[in-house]
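Open the model in your viewer and keep the selection panel at hand. This tour goes from stop to stop, saying what to select and what is there.

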Amino acid sequence: MKIAFLCQRMAAWLSSVIILMACLWTGDLVSVWIGHALPGSIIGMLLLAALLGSGLIRLSWVEAGAGFLVRWMSLLFVPIGVGVVDQLDLLANSLGALLLTCVLGTVIIMAVAGWLFQWLERTRQ
């Protein structure tokens with residue numbers, strides 16, 4: 001009984017990861033096809049959102065794998081963190097430009113989000 005339950009959960013998890021990876025790989029192929037104008041992961045995420053929105057893929061089909069990946073997402077950032085620590089001298093040389101980019105990017109995003117919210121509120125009334 002318990003083994004059957006575990007096999008059922010593993011099959012649900014495996015099928016959901018296969019669906020997620022198929023969207024990612026399709027996004028990568030499209031990214032190569034359009035000359036890397038957008039990253040494949042973004043295209044794959046948009047494809048998954050379109051498939052979920054259209055109902056071709058049910059949320060229950062991808063919940064198990066997506067939940068697992070979200071739960072362990074912080075572990076996936078360890079290699080990136082190690083790479084950043086490995087390149088500290090390069091980052092120190094570009095610290096001013098990085099900080100300016102972060103501050104300007106944040107201000108621009110906040111301004112656009114505020115303007116968009118006000119525009120949506122005006123059009124809704």
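**Largest pocket**

This is a predicted model. Begin with the lining of the largest pocket: 12 of its residues are nonpolar, two are polar and none is charged. The pocket has a volume of about 410 Å³. Its lining counts 14 residues; select L20, L24, M45, L48 and L69, the closest to the pocket centre.

Now colour by helix. α1, α2, α3 and α4 (73-76) each supply at least two residues of this lining. The largest share comes from α2, with five residues.

**Second largest pocket**

Clear the selection and move on. The second largest pocket has a volume of about 220 Å³. Select F5, Q8, R9, A12, W13, A64, F68 and R71, which line this pocket. The elements that give two or more residues to the lining are α1 and α3. Of these, α1 gives the most, with five residues. By class, the lining has five nonpolar, one polar and two charged residues.

**Aromatic pairs**

Next, show the aromatic rings. How many aromatic pairs are there? The count comes to two.

Select W13 and F68 for one of them. Their rings sit 5.2 Å apart, centre to centre, with 85 degrees between the planes. That makes the pair edge-to-face, because planes over 60 degrees apart fall in this class. The pair links distant parts of the chain: W13 belongs to helix α1 (residues 2-33) and F68 to helix α3 (residues 59-71), 55 residues apart. Both names were also on the list for the second largest pocket lining.

Now select W115 and W119. This pair is stacked, with 6.4 Å from centre to centre and 15 degrees between the planes. Both residues lie in helix α7 (residues 95-124). They are four residues apart, about one turn of the helix.

Colour this pair by accessibility. W115 has a relative accessible area of 51%, so it is exposed; the cut-off for that class is over 50%. W119 reaches 39% relative accessibility and therefore counts as partly exposed.

**Largest nonpolar core**

Which residues make up the largest nonpolar core? Select I19, L20, C23, L48, L51, I57 and V62, seven residues in all. α1 and α2 (40-54) each supply at least two residues of this core. α1 gives the most, with three residues.

**Last stop: a loop residue**

Finally, select H36. Look for this residue in the loop between α1 and α2. Check the backbone torsions here: H36 has a positive phi of about 60 degrees, although it is not a glycine. Is H36 buried or exposed? Its relative accessible area is 55%, so H36 is exposed.

Key. Residues are numbered from 1 along each chain as its sequence is written. This is a predicted model: local features need pLDDT of at least 70, side-chain atom pairs count only at pLDDT 80 or more; totals for chains, interfaces and linings use all residues. Side-chain values use heavy atoms; hydrogens and water are left out. Rings of Phe, Tyr and Trp (its six-membered ring) pair if their centres lie within 6.5 Å; planes under 30 degrees apart count as stacked, over 60 as edge-to-face and the rest as tilted. Buried means under 20% relative accessible area, exposed over 50%, partly exposed in between (1.4 Å probe, protein chains only). A nonpolar core is a set of buried Ala, Val, Leu, Ile, Met, Phe, Trp, Tyr and Cys residues joined through side-chain atoms within 4.5 Å. On a 1 Å grid over the protein atoms alone, a cavity is a set of points where a 1.4 Å probe fits but cannot get out, and a pocket is an open set with protein on both sides within 12 Å along at least five of seven lines; lining residues have an atom within 4 Å of a point. Grid points are joined across faces, edges and corners, and a volume is the space filled by probe spheres set on the points. Ala, Val, Leu, Ile, Met, Phe, Trp, Tyr, Cys and Pro count as nonpolar, Asp, Glu, Lys and Arg as charged, and the others, Gly among them, as polar.
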